[in-house]
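Biologist: Please put the model on the screen. I would like to go through the labels and hear what each one rests on.

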Amino acid sequence: MNYKVEVISNSIFATNSYLIIDHQKNALLVDPSFDPKAIESRIAILGLKVVGILVTHAHQDHIFSVKYFMDLFGVPVWASEKSKELFSDRVRNLSFIGSEHFGLKETILDIPVKILEDNRTYQIENFIFKTGIYPGHSIGCTIFDFGEMMLTGDFIFKGTIGRIDWPGSNPEDMKNSLLLFKERYKAIDMTIYAGHNDVTTIQIELATNIFLLDPSNVKLL
């Protein structure tokens, strides 16, 4: 395996933030969430150099600490165009839930973003990955395919998929995204690291996840 994966889960929504680490201890930080000090501590303990921040989608629990780490490390933030739109939208980035129910400061970001496009390959330092944009849970949901493993954010979880009843979610988009994912990955297997829950694999999900077996099952959610 070319990359090592470290996961840091927070205690509010059990959101998974990730560090993707190469052999030189460079790291990409993915979806920095509600516990920046825990993430910062892990980075320091492991002796990592953060070279970029990746965003799978722009819900508050996945972008809460983006600006903190962008400023701390002086590195660029990478996200889809549609995710960037939600950085400053308190309703569709679900900041209103954090503020109204958990007393969190709302996340309103006005920051430079390097835009990711669908089905493109990118390189950041030693890291090479392919992107896929799969709207449904959120309009800008992006997966990062590193060839040996992928990060799916809240698009696909072990045994299920992301919710489609949030502001900005769209069941029809989710169905179409699942169909596209199935077509692209029907003959490929790798480990899936999701935005919540446990690790799984593509082929396990294609064989057992009712929403991938039949994407029309999104109507059951």
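Biologist: What makes Glu-125 stand out in the hairpin of β7 and β8?

Modeller: Glu-125 takes a positive phi near 55°. Most residues other than glycine have a negative phi. The hairpin has two residues between its strands. This is a predicted model, with residues numbered from 1 along each chain as its sequence is written. Local features need pLDDT of at least 70, side-chain atom pairs count only at pLDDT 80 or more, totals for chains, interfaces and linings use all residues, and side-chain values use heavy atoms, with hydrogens and water left out.

Biologist: Why are β7 and β8 said to pair?

Modeller: Two strands pair if DSSP finds at least two bridges between them. Four bridges join β7 to β8, so the two strands meet that rule, and they run antiparallel. Strands here are DSSP runs of E with at least two residues, helices are runs of H or I with at least four, and both are numbered from the N terminus.

Biologist: Which strands make up the open sheet, and in what order?

Modeller: Six strands, in the order β7-β8-β9-β10-β13-β14, with mixed pairing. Strands of a sheet pair through backbone hydrogen bonds, either parallel or antiparallel.

Biologist: What makes β7 and β14 the edge strands?

Modeller: β7 (121–124) and β14 (200–201) each pair on one side only.

Biologist: What makes Gly-147 worth a note?

Modeller: Gly-147 is in the turn of the hairpin of β9 and β10, which has three residues between the strands, and its phi is positive, about 90°.

Biologist: Why is β10 called largely enclosed?

Modeller: Buried means under 20% relative accessible area, exposed means over 50%, and partly exposed lies in between (1.4 Å probe, protein chains only). Five of the five residues of β10 are buried, so the strand is largely enclosed by the rest of the structure. Met-149, Leu-151 and Gly-153 point one way and Met-150 and Thr-152 the other, all of them buried. For β8, five of seven residues are buried, hence "mostly covered".

Biologist: Which helix lies across these strands?

Modeller: Helix α6 (171–185) lies across β8, β9 and β10 (149–153), at about 10° to β9. Axes are lines fitted to C-alpha atoms, for helices over the stretch in contact, and angles run from 0 to 180 degrees between N-to-C directions. Contact means heavy atoms within 4.5 Å.

Biologist: Why does Asp-31 count as buried?

Modeller: Its relative accessibility is 2%, against the limit of under 20%, so Asp-31 counts as buried. Asp-31 is in the loop between β3 and α1 and has a positive phi of about 55° although it is not a glycine.

Biologist: What makes a group of residues a nonpolar core?

Modeller: A core is a set of buried Ala, Val, Leu, Ile, Met, Phe, Trp, Tyr and Cys residues joined through side-chain atoms within 4.5 Å. The largest has 25 residues, and Leu-19, Ile-53, Val-66, Phe-87 and Ile-111 touch the most other members. A second, separate core of 19 residues includes Ile-20, Val-30, Leu-54 and Phe-144.

Biologist: How do α1 and α3 pack?

Modeller: At an angle of about 35°, with their axes 11 Å apart. The residues in contact include Ile-39 and Ile-43 of α1 and Phe-69 and Leu-72 of α3.
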